[in-house]
Structure formats: structure tokens, C-alpha cells
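The sequence and the structure are shown first, and the text then goes through selected features.

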Amino acid sequence: MANLLIVGPPGAGKGTQAARLAAALQVPAVSTGDIFRQNIKEQTELGKRVTAILDAGEYVPDELTNELVDDRLAQPDAERGYLLDGYPRTAGQVEYLDGVNLRRGEQLDAVVRLIADTDEVVRRLSARALEQGRSDDTEDVIRHRLDVYERETAPLIAIFEERGLVVEVDGIGAVDEVTERILAGLAARGIEA
Ligand code: ADP
């Protein structure tokens, strides 16, 4: 049983690490970005509403994002906990998640903060652009996403620091090594794989 967040700038490796941690801790990894991209691919109503927003590197309105997360966390596989990747990203989303946890009679257990400097994340995102062709991985949109992250999301980390929840991990190094660092940091807080 663990309710976890993984936070960090675009390109810090959140998605990669989230999948590994989720498998180790046996909770679902819930990535709002992945859910939006899946909806865009399937051209659902939600997908149609968010396509232009993702392509511009802007944030989807809280109203839509919050409802999506609420629905996802109500699924049976999230009964034993969750690992959220890419949410919450705004002050409104932090507040909303607090409400969801309150209703569950639970709280957040830890917030994994992946640290990677700007040069490294720009390098990684540019490489991913060539491999995966994600429509928001063009140079201009990457820069914009980093700006939006610094402005809207980075300041929220202070809230989790005040709550004593942050496990800071260096995101530079081999994928396995970073996973080991995170698991060690969580184990130190009593969250065991
Ligand atoms: P990255 O790691 O590059 O930030 P994500 O897959 O997490 O990529 O997110 C991709 C895009 O999906 C964001 O730029 C934004 O448009 C949208 N998105 C994802 N999560 C949220 C959220 N919590 N609130 C608003 N928009 C979101």
C-alpha cells in the first residue's frame, strides 16, 4: 500500500522510472500525459479537446485533468495505491488530489523528485524526438514545456517539502542505477518493494 508521486522536469525520466517502480511496488503507474496521448490516438472526445493543447506544450485545464485522475484512481487496480506521473502539475491539482486522498481516507506517502539539469533534459528530449516522433518534442515546444514546468510546477515541490514527503534522487546515470537510488530512498522511508 503506497500512494506516490514522481515529479521532475520534462525529460527527467519520470515515465521510464515510473513503470519500473510501479512493477516493483505493485501499484499502477498513472501518467496523465500517456492517457491524453492514448485518447488523441483513438480520437475520443477528450482526445479531440486536448490535441492542440498538447501540441502547443500548454497544460490541459485542471477541470478535465482532475476528472480524468479521479476516474482512473477509482479503478480496482488502484485500491492498493498508485504512482502518479505528471500529476499534480498545478496548485489546483494539488488541492484536488488532497481531496481525493481525503475521501479515500489516505494520504500521500512520498514524492520522488528526479533531478536532471536543463542541458541533459533538452538532449534527452531531442533524442526522443528522433526515436518516437512525439508531436510535442520539437525544439520550440520542448523549450516552452520547460518554461511552463518552471513557472507552474517546480514551485509546487515546496508544498511537498513542507509536508516532509520529498525523496530527492539524481536522475543522471544508467536507468537501472536511477531505479536503485529511488528504491533505496523509498525503503529509507519504510516503503519497501
Ligand atoms: P513531459 O514529461 O514531457 O512533461 P507528459 O507526458 O507528462 O510529458 O505530458 C505531456 C503533455 O500532456 C503536457 O505538456 C500537457 O499538455 C499534458 N498534461 C499531462 N499531464 C498534465 C497535467 N497534470 N495537467 C495539465 N496538462 C497535463
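## A residue of helix α5

Does Leu97 count as buried or exposed? Leu97 counts as buried, because its relative accessibility is 2%; buried means under 20% relative accessible area, exposed over 50%, and partly exposed in between, with a 1.4 Å probe and protein chains only. Leu97 has its place in helix α5, residues 91-104. Helices (H or I, at least four residues) and strands (E, at least two) are DSSP runs, numbered from the N terminus.

The C-alpha atom of Leu97 is separated by 8.9 Å from that of Tyr87, a residue 10 positions away along the chain. Pro88 is placed in the loop between β3 (81-85) and α5.

## Basis of the model

This is a predicted model, in which local features need pLDDT of at least 70 and side-chain atom pairs count only at pLDDT 80 or more, while totals for chains, interfaces and linings use all residues. Residues are numbered from 1 along each chain as its sequence is written, and side-chain values use heavy atoms, with hydrogens and water left out.

## The ligand and its surroundings

The ligand sits in the largest pocket. A pocket is found on a 1 Å grid over the protein atoms alone, as an open set of points with protein on both sides within 12 Å along at least five of seven lines; a molecule sits in a pocket if more than half of its atoms lie within 2 Å of its grid points. The ligand is surrounded by 18 residues, of which the closest are Thr32, Glu58, Gly86, Arg89 and Arg145; a residue is near a molecule if one of its heavy atoms lies within 4 Å of it. Helix α2, residues 32-41, supplies the largest share of this shell, four residues.

An N or O atom in the side chain of Arg145 is 2.3 Å from an oxygen atom of the ligand. A nitrogen atom of the ligand lies 2.9 Å from a polar side-chain atom of Gln93, and a ligand nitrogen is 3.0 Å from a polar backbone atom of Val60. Taken alone, the ligand exposes 560 Å², and the protein buries 96% of that; these areas come from the Shrake-Rupley method with a 1.4 Å probe, and for residues only the protein chains shown count as cover.

## Salt bridges

The structure holds 18 salt bridges, each defined as a side-chain nitrogen of Lys or Arg within 4 Å of a carboxyl oxygen of Asp or Glu. One of them joins Arg113 and Glu168, whose closest N and O atoms are 3.2 Å apart. Arg113 lies in strand β4 (residues 110-115) and Glu168 in strand β5 (residues 166-170), so this pair ties together parts that are 55 residues apart in sequence. Arg113 counts as partly exposed, at 24% relative accessibility.

Within helix α3, residues 45-56, Lys48 and Glu45 are three residues apart and therefore separated by about one helical turn. Their closest N and O atoms are 3.7 Å apart in a salt bridge. Lys48 is exposed at 54% relative accessible area, and Glu45 is exposed at 57%. A network of salt bridges links Arg128, Arg134, Asp136, Asp137 and Arg145.

Ser31 belongs to strand β2, residues 29-31, and counts as buried at 11% relative accessibility. A polar atom of the Ser31 side chain lies 2.9 Å from the backbone nitrogen of Asp34.

Gln26, in the loop between α1 (14-25) and β2, has phi near 60 degrees, a positive value in a residue other than glycine. Gln26 is exposed, with a relative accessible area of 60%. Gln43 has its place in the loop between α2 and α3. Its phi is near 50 degrees, again a positive value in a residue other than glycine, and Gln43 counts as exposed at 58% relative accessibility.

Key
Polar contact = N/O pair within 3.5 Å; in protein donor to acceptor, adjacent residues only side chain to side chain. 1 Å grid on protein atoms, 1.4 Å probe; cavity = no way out; pocket = protein on both sides within 12 Å on 5 of 7 lines; lining within 4 Å.
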